[in-house]
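Here's a quick briefing to read alongside the model. Have the sequence handy as you go through it.

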Amino acid sequence: MSLTFYYAPMSTASITEAVLAELGTPCDRVKLDISAGDTRKPDFLKVNPNGRVPAIAYRGAQRDRSTESKGGSRRLSQNS
Ligand SMILES: N[C@@H](CCC(=O)N[C@@H](CS)C(=O)NCC(=O)O)C(=O)O
């Protein structure tokens, strides 16, 4: 699978989750527990340095919606 979707239940990631489901987009899913600090762990910060869900990785490259929604520069970086 080339897309990996990082999400947490009951978070803004639910919107992205609904869109992916509606479009029938195949993806691997990684569930994070925000209260357990999963979004601040080094492995996830490599995916999204903002430490927020939703985040989608595509074949090692990541593009996070959080950065775009804050008017920041679009980021597409190789992580592998
Ligand atoms: N506007 C952002 C909001 C992202 C956001 O705030 N996500 C929260 C969950 S609703 C989060 O990941 N928090 C993790 C943390 O603060 O450690 C977006 O939807 O892109």
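The largest nonpolar core has 10 residues in all: Phe 5, Tyr 6, Ala 8, Ala 13, Leu 32, Val 47, Val 53, Ala 55, Ile 56 and Ala 57. A nonpolar core here is a set of buried Ala, Val, Leu, Ile, Met, Phe, Trp, Tyr and Cys residues joined through C-beta atoms within 7 Å. Buried takes 20 or more other C-beta atoms within 10 Å of a residue's own, exposed 12 or fewer, and partly exposed is in between, with C-beta atoms placed from the backbone. This is a predicted model: local features need pLDDT of at least 70, side-chain atom pairs count only at pLDDT 80 or more, and totals for chains, interfaces and linings use all residues. Residues are numbered from 1 along each chain as its sequence is written.

- E3 gives the most, with three residues.

- Most residues other than glycine have a negative phi, and most peptide bonds are trans.
- Met 10 isn't a glycine, yet has a positive phi of about 60°; it sits in the loop between E1 and H1.
- The Val 53 to Pro 54 peptide bond is cis, with omega near 5°, and Pro 54 is in the loop between helix H2 (42–47) and E3.

**Cys 27**
- Cys 27 lies in the loop between helix H1 (13–23) and strand E2 (28–31).
- Cys 27 is partly exposed, because 16 other C-beta atoms are within 10 Å.

Note on methods
Helices (H or I, at least four residues) and strands (E, at least two) are DSSP runs, numbered from the N terminus.
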